[in-house]
Amino acid sequence: MKFSPYSIKSQQFAKSLRGYDTEEVQTFLEKLSDEVEQIQNENAELKKQLESSMERVRHYKKIEM
């Protein structure tokens with residue numbers, strides 16, 4: 001299962017008598033969601049940079065031949 005920032009923020013848990021503090025869990029999920037979103041954005045940017053670098057390498061290889 002892939003996680004998205006939205007799916008993390010909207011995750012619901014069953015309540016029980018001796019369960020976790022729901023406010024603490026929600027705060028954690030929001031922080032985790034923000035971190036995942038940041039990592040996904042960084043990953044997308046790095047993929048763009050990699051593709052650009054690969055394109056330049058292909059260009060230089062053509063020139064080299």
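First, some ground rules: what you see is a predicted model, where local features need pLDDT of at least 70, side-chain atom pairs count only at pLDDT 80 or more, and totals for chains, interfaces and linings use all residues. Residues are numbered from 1 along each chain as its sequence is written, and side-chain values use heavy atoms, with hydrogens and water left out.

Let's start with charge. Side chains of opposite charge can pair when their charged atoms come close. Here, a salt bridge is a side-chain nitrogen of Lys or Arg within 4 Å of a carboxyl oxygen of Asp or Glu. Searching the whole structure turns up three salt bridges, and here they are:

| Salt bridge | N to O distance |
|---|---|
| aspartate 34 and lysine 9 | 3.6 Å |
| glutamate 51 and arginine 58 | 2.9 Å |
| arginine 58 and glutamate 55 | 2.9 Å |

Take the pair of aspartate 34 and lysine 9. It links distant parts of the chain: aspartate 34 belongs to helix H2 (residues 22-64), lysine 9 to helix H1 (residues 5-9), and they are 25 residues apart. (Helices are DSSP runs of H or I with at least four residues, strands are runs of E with at least two, and both are numbered from the N terminus.) How open are these two residues? On the scale used here, buried means under 20% relative accessible area, exposed means over 50%, and partly exposed lies in between, using a 1.4 Å probe and protein chains only. Aspartate 34 comes out as partly exposed at 41%, and lysine 9 is partly exposed too, at 37%.

Now for the other two table rows. Arginine 58 pairs with glutamate 51 and also with glutamate 55, and Glu51, Glu55 and Arg58 are linked in a network of salt bridges. Arginine 58 and glutamate 55 are separated by about one helical turn, because they sit three residues apart in helix H2. As for accessibility, glutamate 51 is partly exposed at 42%, glutamate 55 is partly exposed at 44%, and arginine 58 is partly exposed at 36%.

Finally, what about serine 33? This residue is in helix H2, and serine 33 is buried, with 0% relative accessible area. Which residues does serine 33 contact, leaving aside its neighbours within four places in sequence? They are Pro5, Tyr6, Ile8 and Lys9, where contact means heavy atoms within 4.5 Å.
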